[in-house]
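Trainee: I would like to learn how to read charged pairs and interfaces in a model. Can we work through an example?

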Amino acid sequence: MIVKIKLRGPLRKYGPDAEIFEHNIDQDRCTVKELLEILNIPASSVSFVARGENKISLDTALKENDLVTVYPRVAGG
Amino acid sequence: MAYTGTVLRVNLTTGKAEKENLNEQWAKDYLGGKGLAIKYLYEELEPGMDPWSEDNKLILMTGPLTGTLAPNTGKLAVASKSPATGTILDCSIGGHFAPELKYAGYDAVIIEGKARKPVYLFIEDDRVEMRSAEGLWGKGAHETEHILSETLGDVITMAIGQAGENLIPMACISSELYRQAGRGGIGAVLGSKNLKAISVRGTGGFTVPDIRKVAAALNKIKRDDTMTDDNMWAYSDGTPVIVEMSNSTGILPTHNFQEGTFEDFEKVDSEAVKGALKAKKACFGCPLACGNYVETGKTRVEGPEYETLALCSSNCGIGDLEAVIEFNRLCDDYCLDTISAGNAVAFAMELTEKGFHDFGIRFGDVEKYLEMPGAIAGRAGIGADLSKGVAAMADKYGGNDFAMHVKKLEIPGYEPRGTWGMSLAYGTADRGACHMRAWTPPVEAFEGGEMDPYTVEGKAEVVKDMQDDNAVKFSAIFCDFWALSTERMAEVLTMFLDREVTAEELTVIGERVYNLSRLFNEREGFTRKDDYLPKRIYNDKMTKGKARDISIPLEDYDRMLSEYYNLRGWDENGLITAEKKKELSL
């Protein structure tokens, strides 16, 4: 299953130097949480993940060609 | 000892400038910054005093760590009684003014009275002069700073633009071109005193015992606790990264808070801002450098920050980054708070589109939008109405239900229907609607699943704890972009104070500071009735995005507010009980 991924802020370091990249997941079913593990992104560094323009939960199962954006933790406002 | 122990008191009416000792007991009880400034104001201002009168005072307050090597401690608290709200008002301004003031030998400057003619204040160590500013009056903050640098040499300046001179209640103070003490009309307090600017040069310093040990410890803290994933968003993106996050969670104010998502968000998000980025900029001693200095073919600014993007872009329906940057630059030069200015423009747009009054400006109208900063600062045309803020506009033209303010201070860039704790944060913020007293989106709208954003359950405790944490953080003066624990604050303070500071002590100080600000407002007549949001938040459901079909039922808000008062030890009317005052030594 191929998904498209955008990493935001300091999380960029966990992917290639590109705004969007594709990742081929070698399994039929993959949740957001599992995707973060595959990409070696510590869950503690992640604020949330969105599919398209909407936040999704870590338990959401991804679909072929999903575009997901991973946001960093932020402080202050 | 990182306090200088000296306060400079300047009376603009008499022209006298005198040194006095810092009140050491107050410094122990309130630390510095926000808390200590509010303590001085609480003790020195008569209840009911007109904030526009010369009886009002302006306090510039450093913190115990100002000017040290401790990271993210370079800000200055600027406090007064707000002419916009009538509440206590403390603002925070970054850059390099605060350490320069400390190096000149002062923990604080208290400015009283009113000059007969425009003046600026020049402080160079022991030398304090009030000089004529008649040649500067009428000029923007940028030109004013430039002229003062040419005249005085190497100084750091805080100045007001035309908005402050014209007593616009959303006027801010500017420093180093692009740093602002933004909210509540703090710049208009300078204007009301005929004080155009304050320039400072400090050539002193202070000693730290065992500097090698302290420097090594601070370097370790910077490496392990500052330059980490939790904080480096400030360097990689700065606050614009929040645009996309807010849009994805349905809390990006759009079209005067009618919606929480903006169809053109990608034109103004962090990636778009990066496209115009020329340099990163930092405050004194900050390794995070959140400032984005941007240039387009036509304009330049340091920013736009998230708040400007939310209130002056999506909230006005302006999906044109260059226009937003220019609007931002104009506001900075005239010295207008972009949160309040963006709200006033958006409210005028909705009043026009809904037929309440034809201001001749509609959502997305870039040409008219760019005329607004000058019109507001100069009270020209429709700017005369907008300059008074949304509460006054609603009094004149109607639309109270969607005049987005609390206690007459316009609401910042987080739509509360998509993050319910934020409604309580706005309702109970000490200076009117403010996102810097408690900022709940990270724990409810953003971070995964632990707390439902669309319930009031548990929010009262979250908001209270955040308010107290930030109260002590802004009193010790740590930047809010450093996500540090109270234990870490205590560790760093202990390095520079001649006593051991504990996390428990800081927790009490935070609560004491927040209660003192409430007590100030209570003395001015504020009660529970003033802790509510406009009816739109309770009655209208948004139609798009993650928070569509959601509003906050008023009975739920009432329940949350009562629970909050109970946790605080305040009565049902929001007044601080005698027991709580005694407990906190108020």
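This is a predicted model: local features need pLDDT of at least 70, side-chain atom pairs count only at pLDDT 80 or more; totals for chains, interfaces and linings use all residues.

Trainee: Which side chain does D430(B) meet in a salt bridge?

Mentor: Its partner is R437(B), at 2.7 Å from N to O. Check the surroundings next. D430(B) has a relative accessible area of 3%, so it is buried. R437(B) also counts as buried, because its relative accessibility is 3%.

Trainee: Where do K464(B) and D468(B) lie?

Mentor: Both are in helix 19 of chain B, residues 459–476, and they are 4 residues apart, about one turn of the helix.

Trainee: How many residues apart are K580(B) and E511(B)?

Mentor: Their side chains meet in a salt bridge, 2.8 Å from N to O. The pair links distant parts of the chain, 69 residues apart: K580(B) is in helix 24 (residues 578–583) of chain B and E511(B) is in helix 21 (residues 503–523) of chain B. K580(B) counts as buried because its relative accessibility is 9%, under the 20% cut-off. E511(B), at 12%, counts as buried too. Some salt bridges share partners: R8(A), R12(A), E19(A), D237(B), E244(B), E271(B) and K274(B) are joined this way into one network.

Trainee: Now the chain contact. How many residues does it take from chain B and from chain A?

Mentor: Chain B gives 31 residues and chain A gives 26 residues. Between them the chains bury about 2500 Å², with 50% of it on carbon and sulfur atoms. For charged and polar pairing, the counts between chain B and chain A are 6 salt bridges and 14 residue pairs in polar contact, both at pLDDT 80 or more. Helix 8 (233–236), helix 9 (241–248) and helix 18 (441–446) of chain B each supply at least two residues of the side that touches chain A. Helix 9 of chain B gives the largest share of that side, 5 residues. By class, the side of chain B that touches chain A has 12 nonpolar, 8 polar and 11 charged residues.

Trainee: Into which domains is chain B divided?

Mentor: Chain B has domain 1 (6–201), domain 2 (237–404) and domain 3 (417–533 + 553–586). The C-alpha centres of domain 1 and domain 3 of chain B lie 26 Å apart. Their contact takes 39 residues from domain 1 of chain B and 32 residues from domain 3 of chain B.

Trainee: What area do domain 1 and domain 3 of chain B bury between them?

Mentor: About 3200 Å², of which 67% is on carbon and sulfur atoms. L31(B), K34(B) and Y42(B) supply 22% of the area that domain 1 of chain B buries against domain 3 of chain B, more than any other three residues. There are 4 salt bridges between domain 1 and domain 3 of chain B. D480(B) and K75(B) also form a salt bridge, with the closest N and O atoms 3.6 Å apart.

Note on methods. Residues are numbered from 1 along each chain as its sequence is written. Chains are lettered from A and ligands numbered from 1 in the order in which they are written. Side-chain values use heavy atoms; hydrogens and water are left out. Contact means heavy atoms within 4.5 Å. Buried area is the accessible area (1.4 Å probe) that two parts lose on being put together, summed over both. A polar contact is a pair of N or O atoms within 3.5 Å; within protein, one must be able to donate a hydrogen and the other to accept it, and residues adjacent in sequence count only if both atoms are side-chain atoms. Ala, Val, Leu, Ile, Met, Phe, Trp, Tyr, Cys and Pro count as nonpolar, Asp, Glu, Lys and Arg as charged, and the others, Gly among them, as polar. Buried means under 20% relative accessible area, exposed over 50%, partly exposed in between (1.4 Å probe, protein chains only). Domain bounds come from an automatic or database domain assignment.
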